[in-house]
Amino acid sequence: MNTTDQCSYMTHGAVMPFCKGCGHSNILKKLNDALGLLQLDPHDVCLVTDIGCIGLADALFDKVHTVHTTHGRSTGFATGIAVADKVLASGKLKTIVLIGDGGSMIGLLHIVNAALMNVDVTVIVANNFLFGMTGGQTSSLTPEHFNTITSPFGSMNPSLDICQIADASKAGFIARKTATDKDLTETISEAITFNGFAIVEVLELCTEHGTKRNEIKGNMLAKMAEDEGHEIGVIKNSHARPEFSKKYETDVHSHKGDIKPHKYISPQFNHDLRSPNEIIISGSAGERVQSTAAMFTEAALMCGLHVTQKNDNPVTQGSGFSLSEVIISPQEINFTGVSSADYVVVVSENGLKEIQGQDIFNRINEKTIFIIDETLTIEKKGLNLVVLPLRRLCGSDKAAVGAFDYVIRKFEPFPHEPFKQLLAKRFGEYGKIFKEEFYNLF
Ligand code: SF4
Ligand SMILES: [Mg+2]
């Protein structure tokens, strides 16, 4: 049955933009026929195209939804579209990916992941054994001995069996066909109907780069694949696994009652802050720098302030420096980094090295207050320096805690009470957290 004329999903009068004899034309006609065969409402179809010649398909299908994506990522986009439709909308959308062999290799993990999820997406891999649009380079689906511009003596590697990869990824519907197969329309329509992940690899010719370099014709493609040990036909059609949205319903919905609501911090105190305060604190990993910055921001939230916190530490996490940039403000904050610090707090040698390395001195102003531990020395002249015995009186693991406590008590950006409450909750009675001398510093 050819529905191209009677029930076409294609743009009226569309001219195939491909080179003469290119297999893409055939694949798209068969796709159009498959949609017609299924009598799908065009609004229930979404074509997601990749980069490459096959990506030109968008312009040819003006009745259905089309999304043109980045190279190799079309299956990732399609997965998102299909999940959103199933979980949030009507769930009727049939999402179809058109991708070349090159794109399918660039984004192979998206295909693997979509198959593992068993999301309702059909991936049609237009496999002409090379990157057509960019000049005919080898892809991982290029058969061994196949001649391309980058393998002029024939590809030295065997081709990857993408259907086997799909099988290993537990895809439910897997087929390998050729573009001239008479029943390609039926196979594509079966794949689209399949409720779950389906992949159809269609072997075809790039007449611009493939046939010019290789003695090959359309009727040789199936044999060529078989010679490489690749199965032809509908390889798998199994509904053994539930489609993603069914699993979502049972797995996620059944745990709905277990999901803890996000902690909401409601203002319980007032503040007199008129303008933003920007604070950089720098110390050593494992000495509660970032967690105390978080307590400070929580206390500010309890006073109705806006806050941001941006942390920095080496990838090793547990060693070296630990730094936080904190902003508290009576107004909304649109940028999370400190650009002109009101306070720079340095509580350890690692912290000092880091602020020197990051050139924090370019992010201070003439009023910036530097609070440093008494064990540290800053050579730079003209700083408003406050030297405190933080490590001696608070301990190395609470020097940052003491520093924030000092900032709140001394400069009063907001009331001390919420921070005191948080400290008591975390460390026990407030008056016993630090050495007595610390409480008398002011
Ligand atoms: S370059 Fe190859 S894949 Fe691209 S349109 Fe021409 S024949 Fe088709
Ligand atoms: Mg290709």
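**Burial, cores and helix packing**

Reply: In helix H11 (residues 349–357), the buried residues are Asn350, Gly351, Leu352, Glu354 and Ile355. Helices here are DSSP runs of H or I with at least four residues, strands are runs of E with at least two, and both are numbered from the N terminus. A residue is buried if 20 or more other C-beta atoms lie within 10 Å of its own, exposed if 12 or fewer, and partly exposed in between, with C-beta atoms placed from the backbone. This is a predicted model, in which local features need pLDDT of at least 70 and side-chain atom pairs count only at pLDDT 80 or more, while totals for chains, interfaces and linings use all residues. Residues are numbered from 1 along each chain as its sequence is written, and chains are lettered from A and ligands numbered from 1 in the order in which they are written.

Me: Which strands are included in what covers the buried residues of H11?

Reply: Contact means that the C-beta atoms of two residues, placed from the backbone, lie within 7 Å. The cover over the buried residues of H11 includes strand S10 (277–284), strand S12 (321–329) and strand S13 (341–346).

Me: Which residue just after H11 takes a positive phi?

Reply: Most residues other than glycine have a negative phi. Just after H11, a positive phi of about 55° is taken by Asp359.

Me: What radius of gyration does the protein chain have, against that of a compact globule of 442 residues?

Reply: The C-alpha trace spans about 90 × 50 × 40 Å along its principal axes. The radius of gyration is taken over C-alpha atoms, and the globule rule is 2.2 Å times the number of residues to the power 0.38. A compact globule of 442 residues would come out near 22 Å, but the protein chain has 32 Å.

Me: What share of the contacts with a separation of 6 or more comes from residues 24 or more positions apart?

Reply: The protein chain has 15 helices and 15 strands, and 46% of its 442 residues count as buried. Among contacts with a separation of 6 or more, the share from residues 24 or more positions apart is 69%.

Me: In the largest nonpolar core, which residues touch the most other members, and which helix gives the most to this core?

Reply: A nonpolar core is a set of buried Ala, Val, Leu, Ile, Met, Phe, Trp, Tyr and Cys residues joined through C-beta atoms within 7 Å. Of the 68 residues in the largest one, Leu47, Val97, Leu98, Ile124 and Val202 touch the most other members. With 6 residues, the helix that gives the most to this core is H1 (residues 23–38).

Me: Which residues are included in the second, separate core?

Reply: The second core is separate and has 49 residues. Included in it are Met295, Val346, Leu352 and Ile355. Of these, two are also buried residues of H11: Leu352 and Ile355.

Me: At what angle do the axes of H1 and helix H6 (residues 184–193) cross?

Reply: Axes are lines fitted to C-alpha atoms, for helices over the stretch in contact, and angles run from 0 to 180 degrees between N-to-C directions. The axes of H1 and H6 come within 8 Å and cross at roughly 60°. The crossing angle is roughly 60°.

Me: Is Glu204 buried or exposed?

Reply: Glu204 lies in the loop between strand S8 (198–203) and helix H7 (210–213). Beyond four places in sequence, the residues Glu204 touches include Gly23, Asn26 and Ile27. Because 27 other C-beta atoms lie within 10 Å, Glu204 is buried.
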